[in-house]
Amino acid sequence: MEKLVRDSLLQHMITNGFLSDTQHGFVRGRSCTIQLLQVIHTITELYDQGADIDMVYLDFSKAFDSVPHQRLLQKLEGYGVSGPVLGRIKSFLLCRQQQVVVAGFESSWADVLSGVPQGSVLGPVLFICYINNMPDLIKSLTYMYPDDAKLFNKVCVDSASLQSDLDTLCEWSMQWQLKFNTDKCTVMHFGSHNVQKQYTMLDHSGKVNFLEATVLEKDLGIWSDQV
């Protein structure tokens, strides 16, 4: 049943042009390998133009467990998902409860108000639908797979455009209650003339966090460095 709903949802998103081209997770014909090759090709082109590049690696905090159910359903309805498909998705998400058992002691049952079930067939597709509009809000080049996201751009002396995009993503994060783990978000500087600007992100408490500069980053199983 999950496969039927998943296939119907993906077909609707792709046929109507709703699914972001930057998303490479759980989409037929795309993969982490294709995404990595596209990123390398784009960076190489920018290098050939003599550009310096800053790349920000974003980290969501407990991404799959944090998706609010009602906001997710609101987004799906906005994409035109309705009828039996939406009904099945509601049945899949809502009215779930959880309990903790430790050494024979049981907690009381609690309603599950957020999260897409991990290990399920449908859950990951619901997640990529939830974050689908994120790249549309910014100008930087963005790639996702599915909750691993990175954005990069050519930089000049002030690098204002990339910082503006990070501010926009923080606002999006607060609006849709999907937190970035700003302590694990990093920036990598490319180019011999890169001024290595410091970038900041706001966490959900309003605290300003300076992104750590890195020279080596594991990206979808592949180690990338500045060279």
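The questions below take up these topics in turn.

Tutor: This is a predicted model, in which local features need pLDDT of at least 70 and side-chain atom pairs count only at pLDDT 80 or more, while totals for chains, interfaces and linings use all residues. Residues are numbered from 1 along each chain as its sequence is written, and side-chain values use heavy atoms, with hydrogens and water left out.

Student: How many aromatic pairs does the rule give?

Tutor: A pair of aromatic rings is described by the distance of the centres and the angle of the planes. Rings of Phe, Tyr and Trp (its six-membered ring) pair if their centres lie within 6.5 Å; planes under 30 degrees apart count as stacked, over 60 as edge-to-face and the rest as tilted. By this rule the number of aromatic pairs is six.

Student: Is the pair of Phe60 and Phe127 stacked or edge-to-face?

Tutor: The centres of Phe60 and Phe127 are 6.4 Å apart, with 90° between the planes, and the pair is edge-to-face. Helices (H or I, at least four residues) and strands (E, at least two) are DSSP runs, numbered from the N terminus. Phe60 is in the loop between strand 1 (53-58) and helix 3 (63-66) and Phe127 is in helix 6 (residues 123-130), 67 residues apart. The answer is edge-to-face.

Student: Is Phe127 buried or exposed?

Tutor: Buried means under 20% relative accessible area, exposed over 50%, and partly exposed in between (1.4 Å probe, protein chains only). Phe60, at 7% relative accessibility, counts as buried. Phe127 has 0% relative accessibility, so Phe127 counts as buried.

Student: How many residues apart in sequence are the parts tied together by Phe60 and Phe180?

Tutor: Phe60 and Phe180 form a stacked pair, 4.8 Å centre to centre with 25° between the planes. Both residues are buried, and ring pairs link Phe60, Phe64, Phe127 and Phe180 into a cluster. Phe60 lies in the loop between strand 1 and helix 3 and Phe180 in the loop between helix 7 (160-175) and strand 8 (186-190), so the parts tied together are apart in sequence by 120 residues.

Student: Which strands stand at the edges of the open sheet?

Tutor: The open sheet has five strands in the order 6-7-1-8-11, with mixed pairing; two strands pair if DSSP finds at least two bridges between them. An edge strand here has a single partner strand, so one side is left without a neighbour in the sheet; the two are strand 6 (141-145) and strand 11 (212-213).

Student: Which residue in strand 7 is the bridge partner of Met55?

Tutor: Strand 1 and strand 7 (residues 148-154) pair in the antiparallel sense over six bridges. In strand 7, the bridge partner of Met55 is Phe152.

Student: Which residue takes a positive phi in the hairpin of strand 12 and strand 13?

Tutor: Strand 12 (residues 216-219) and strand 13 (residues 222-225) run antiparallel and are joined by four bridges, with Asp219 as the bridge partner of Ile222. The hairpin has two residues between the strands. The residue with a positive phi, near 55°, is Leu220.

Student: Is Lys62 buried or exposed?

Tutor: Most residues other than glycine have a negative phi, and most peptide bonds are trans. Phi of Lys62 is positive, near 50°, and Lys62 is in the loop between strand 1 and helix 3. With a relative accessible area of 65%, Lys62 is exposed.
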